[in-house]
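Below are my notes on the model, as numbered points.

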Amino acid sequence: RGIHHTPMQPFQVDGSWDNYQRALYQVILVHVRLYNDPDHPFYSKVPRTPEFDAALKALYDGVNDKDKLGKDLVDCVHDVLCQMFLTEWQPSEDYIIADPTILAIILFTINGDTTWKSADQVTPFIAKIKKMLVSAP
């Protein structure tokens with residue numbers, strides 16, 4: 001299955017990081033979509049800082065600018081992640097769910113027909129996000 005049980009062997013299967021990265025990209029995409037859709041019902045529910053907005057705008061502009069693909073785009077993704085994970089988000093009357101990551105996870109758990117996904121569909125997604133966060137250099 002790709003997991004080695006002998007000492008000094010890698011625990012991670014080559015190429016499996018893509019699955020983990022995909023979970024973080026999904027969190028980012030939720031916010032890029034909400035940032036660019038002021039008519040969305042959750043638009044006003046997303047906590048924002050000027051820095052977070054600037055990072056989202058730079059990422060959106062970078063994706064739409066073919067000259068910025070590559071390293072510049074990686075830097076934009078990095079900036080969004082830094083703003084999401086290094087900002088101390090405080091709940092308030094306007095933002096009961098103050099953390100944009102938690103909000104994205106909540107939105108991810110809602111099916112298209114407004115029912116909730118089952119735990120076996122959500123738990124791997126949350127585990128992948130946590131793995132990426134604790135594995136970050």
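1. Buried here means under 20% relative accessible area, exposed means over 50%, and partly exposed is in between, with a 1.4 Å probe and protein chains only. Phe108, with a relative accessible area of 22%, is therefore partly exposed. Phe125 has a relative accessible area of 5% and so is buried.

2. This is a predicted model, in which local features need pLDDT of at least 70 and side-chain atom pairs count only at pLDDT 80 or more, while totals for chains, interfaces and linings use all residues. Residues are numbered from 1 along each chain as its sequence is written, and side-chain values use heavy atoms, with hydrogens and water left out.

3. Helices (H or I, at least four residues) are DSSP runs numbered from the N terminus. The 19 residues of α1 should span 27 Å at 1.5 Å a residue, and the end C-alpha atoms of α1 are 27 Å apart, which agrees; the expected span is 1.5 Å times one less than the number of residues. Among the buried residues of α1 are Ala23, Leu24, Val27 and Ile28.

4. Two aromatic pairs turn up in a search of the whole structure. Rings of Phe, Tyr and Trp (its six-membered ring) pair if their centres lie within 6.5 Å; planes under 30 degrees apart count as stacked, over 60 as edge-to-face and the rest as tilted. Phe52 and Trp89 are edge-to-face because their ring centres are 5.7 Å apart and their planes lie at 75°. This pair links distant parts of the chain, 37 residues apart: Phe52 is in α2 (residues 50–64) and Trp89 in the loop between α3 (71–86) and α4. Both Phe52 and Trp89 are buried.

5. Phe108 and Phe125 form a stacked pair, at 3.8 Å centre to centre and 20° between the planes. Phe108 lies in α4 and Phe125 in α5 (residues 119–135), so the pair ties together parts 17 residues apart in sequence.

6. What lines the second largest pocket? The lining consists of Gln26, Leu29, Val30, Arg33, Leu34, His40, Phe42, Leu107 and Phe108. A pocket is an open set of points on a 1 Å grid over the protein atoms alone, where a 1.4 Å probe fits, with protein on both sides within 12 Å along at least five of seven lines; lining residues have an atom within 4 Å of a point. The largest share of this lining, five residues, comes from α1.

7. The whole structure has zero disulfides, a disulfide being a pair of cysteine sulfur atoms within 2.5 Å. Cys76 counts as buried at 10% relative accessibility, and Cys82 as partly exposed at 24%.

Conventions:
Helix = DSSP H or I, 4+ residues; strand = E, 2+ residues; numbered from the N terminus.
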